[in-house]
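This briefing concerns aromatic rings and the charges placed over them. Please consult the sequence and structure shown below while reading.

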Amino acid sequence: EEVGYDTYHHTLFEMLGNWSFGDYFKKEAIAWAWELLIDVYKIDKDILYVTVFEGSDDADNLKMDTEAYDIWKQYISEDRILKGNKKDNFWEMGDQGPCGPCSEIHVDIRSPEDKAKVDGKDLVNMDHPQVVEIWNLVFMQYNRKADGSLEGLPNKHIDTGMGFERLCM
């Protein structure tokens with residue numbers, strides 16, 4: 001439904017990702033994502049921003065994901081760790097089932113002149129065609145029950161997804 005309306009929802013979409021069913025969680029997922037992007041793909045860390053779930057004051061009354069925030073501080077400066085709302089940083093597959101906070105990794109590929117005019121952090125999740133989410137790390141730690149309530153999962157899981165065409169931008 002979003003194909004062709006902007007520069008980052010293409011007709012070709014190749015999802016790169018992985019799952020973990022209780023084998024590892026936030027610490028490892030973040031470390032391995034960072035290693036792949038920085039050490040293997042050689043992406044300059046100074047063009048990246050990450051988001052963490054800021055918490056919610058709705059019926060779920062969820063706290064901020066300080067665990068992910070603290071892990072990210074080991075890799076990227078705090079001014080590049082942004083707090084994201086439930087719409088952008090809490091993943092649910094439907095009305096019921098596994099869900100949880102997520103961390104998105106965004107790349108800012110604008111020219112130095114454009115970067116001097118507007119700070120990239122102000123463009124994250126604002127549909128800018130050159131400040132784009134390239135990877136989402138979903139930390140499935142809850143189960144949404146049929147009555148809408150959340151319960152903690154007995155085992156924590158990871159679901160990551162990176163858009164190949166976005167990585168190639």
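Trp19 is partly exposed, its relative accessible area being 47% (buried means under 20% relative accessible area, exposed over 50% and partly exposed in between, with a 1.4 Å probe and protein chains only). Phe21, with a relative accessible area of 59%, is exposed. The model is predicted: local features need pLDDT of at least 70, side-chain atom pairs count only at pLDDT 80 or more, and totals for chains, interfaces and linings use all residues. Residues are numbered from 1 along each chain as its sequence is written, and side-chain values use heavy atoms, with hydrogens and water left out.

**Aromatic pairs**
- Rings of Phe, Tyr and Trp (its six-membered ring) pair if their centres lie within 6.5 Å; planes under 30 degrees apart count as stacked, over 60 as edge-to-face and the rest as tilted.
- By this rule there are seven aromatic pairs.
- Trp19 and Phe21 form a stacked pair, at 5.3 Å centre to centre and with 10° between the planes.
- Tyr24 and Trp32 form an edge-to-face pair, at 4.7 Å centre to centre and with 70° between the planes.
- Within that pair, Tyr24 is buried at 15% relative accessibility, whereas Trp32 is partly exposed at 46%.
- Trp34, Trp72 and Tyr75 are linked into a cluster by ring pairs.

**Charges over rings**
- A charge sits over a ring if NZ of Lys or CZ of Arg is within 6 Å of the ring centre and within 35 degrees of the ring normal.
- Arg80 places its charged end over the ring of Tyr49, 4.4 Å from the ring centre.
- Lys86 lies over the face of Phe90, 5.6 Å from the ring centre.
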